[in-house]
Amino acid sequence: MGFTMGLNLLLLLAMVATNILSLYHLSSTTVNSSSTKPPAPPQVPDYLIHQLQTIRATINHLTRHNPSKPTSSSSSSTIPDDLLLHSRLSPIGSSCHNHPDLLHRYMNYTPFSLCPHDTDLQETLILHGCQPLPRRRCFSRTPPKPSSALPLNPYPSSLPDSNLIWTHYDCKSFSCLNHQNPLLGFDPSRESTSSFMYFRSELDLPVPQLLQIAKAATSLIRIGLDIGGATGSFAARMKLYNITVLTTTMNLGAPYSEAAALRGLVPLHVPLQQRLPVFDGVLDLVRCGHAVNRWIPITMMEFLFFDVDRVLRAGGYLWLDRFFSKRSDLDKVYGPLIGKLGLSQNENQVIQFEALLPDQ
């Protein structure tokens with residue numbers, strides 16, 4: 001009896017000691033684990049953080065501008081889904097985010113149906129720096145009865161009115177445009193024999209003389225760009241010499257892009273402030289017409305000229321055709337600005353100025 005009680009007491013002591021050791025082990029493990037620092041998370045690149053912040057700010061801005069409207073069944077956002085998709089994934093101009101009202105209107109369309117006829121809205125966004133515009137999943141509108149007999153000659157007797165949508169223009173025909181201003185270039189037959197062909201003053205540079213200069217310098221002209229070329233008059237003349245010239249246009253109150261295309265020319269719908277959509281050092285000639293003049297801010301003009309320098313090949317030609325300014329501004333501002341490009345006639349580069357405005 002006494003031996004049994006002693007054995008039971010010994011087993012009880014062993015069990016208590018075992019529990020005490022277990023508690024001590026658990027407490028020490030907890031202390032060690034708490035003192036051990038977890039591994040540091042991988043670093044996120046700064047550019048990804050910046051992109052994420054930009055996307056969040058854009059979506060928050062749009063959400064504040066057009067908050068979700070709760071319905072009886074569920075809450076649905078009024079922001080177009082395609083706009084949110086572009087805000088997250090696709091490359092659109094950063095300036096688009098500065099004009100959420102216009103951007104929301106542009107992207108507020110019905111997917112897989114006809115696109116809104118909003119040419120004016122598109123150009124307003126582009127001129128505000130929203131370039132490139134977001135792409136849309138809708139079908140482009142076309143004229144109801146377009147003519148299939150398009151001219152091959154860049155100087156047709158007339159341009160077909162039926163190939164345009166005239167909704168956003170005051171005039172509803174090319175004859176109306178010609179009546180308002182015959183010098184806008186909407187009557188190609190008027191310039192078929194004279195445009196860029198003869199000296200009208202000492203300031204003109206006819207195309208035949210330009211090509212003679214290039215030939216004498218063994219630096220032929222094959223491809224070029226006409227900045228602000230309206231209906232493509234210069235490109236049309238060069239086409240007759242088997243020279244390809246692209247024309248940058250904006251439809252400011254008139255269908256310049258459509259008119260150039262109807263002449264068999266290629267219009268590039270880009271503003272002056274956009275980087276030229278051409279690869280580096282590939283063009284033989286860049287012509288700057290009336291669109292490039294003293295009304296452009298100096299810094300913007302400097303960027304434009306250096307972008308022209310980027311796309312011109314070595315020995316290419318820059319033609320400032322009829323550039324005008326005050327005489328004092330030419331000497332103090334524009335002359336030094338153009339001089340920064342390091343152009344010279346020894347390098348087969350042509351610079352020409354129009355008559356200067358009088359000092360005031």
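1. In these notes, buried means under 20% relative accessible area, exposed means over 50%, and partly exposed lies in between, with a 1.4 Å probe and protein chains only. The model is predicted, so local features need pLDDT of at least 70 and side-chain atom pairs count only at pLDDT 80 or more, while totals for chains, interfaces and linings use all residues. Residues are numbered from 1 along each chain as its sequence is written, and side-chain values use heavy atoms, with hydrogens and water left out.

2. Taking a disulfide as a pair of cysteine sulfur atoms within 2.5 Å, a search of the whole structure gives 3 disulfides. With bonded cysteines counted along the chain, their pattern is 1-3, 2-4, 5-6.

3. C96 and C130 are joined with an S to S distance of 1.7 Å, and both cysteines are buried. The torsion about their S-S bond is about 95°, so this disulfide is right-handed. Because C96 sits in the loop between α3 (81-88) and α4 (100-107) and C130 in the loop between α5 (119-127) and α6 (174-180), the pair ties together parts that are 34 residues apart in sequence; helices here are DSSP runs (H or I, at least four residues), numbered from the N terminus, as are strands (E, at least two).

4. The sulfur atoms of C115 and C138 lie 1.9 Å apart in a disulfide, which is right-handed, with 100° about the S-S bond. This pair links distant parts of the chain, with C115 in the loop between α4 and α5 and C138 in the loop between α5 and α6, 23 residues apart. C115 is buried at 11% relative accessibility, and C138 is also buried, at 14%.

5. For C171 and C176 the S to S distance is 2.0 Å, and the link is left-handed, with -60° about the S-S bond. C171 counts as buried at 3% relative accessibility, whereas C176 is partly exposed at 27%.

6. The axes of α10 (residues 298-311) and α11 (residues 327-339) come within 10 Å and cross at roughly 25°, where axes are lines fitted to C-alpha atoms over the stretch in contact and angles run from 0 to 180 degrees between N-to-C directions. That makes α10 roughly parallel to α11 (under 35 degrees; over 145 is roughly antiparallel, 65 to 115 roughly perpendicular, and the rest oblique).

7. With contact meaning heavy atoms within 4.5 Å, I298, M301, E302 and F305 in α10 meet V333, Y334, L337 and I338 in α11.
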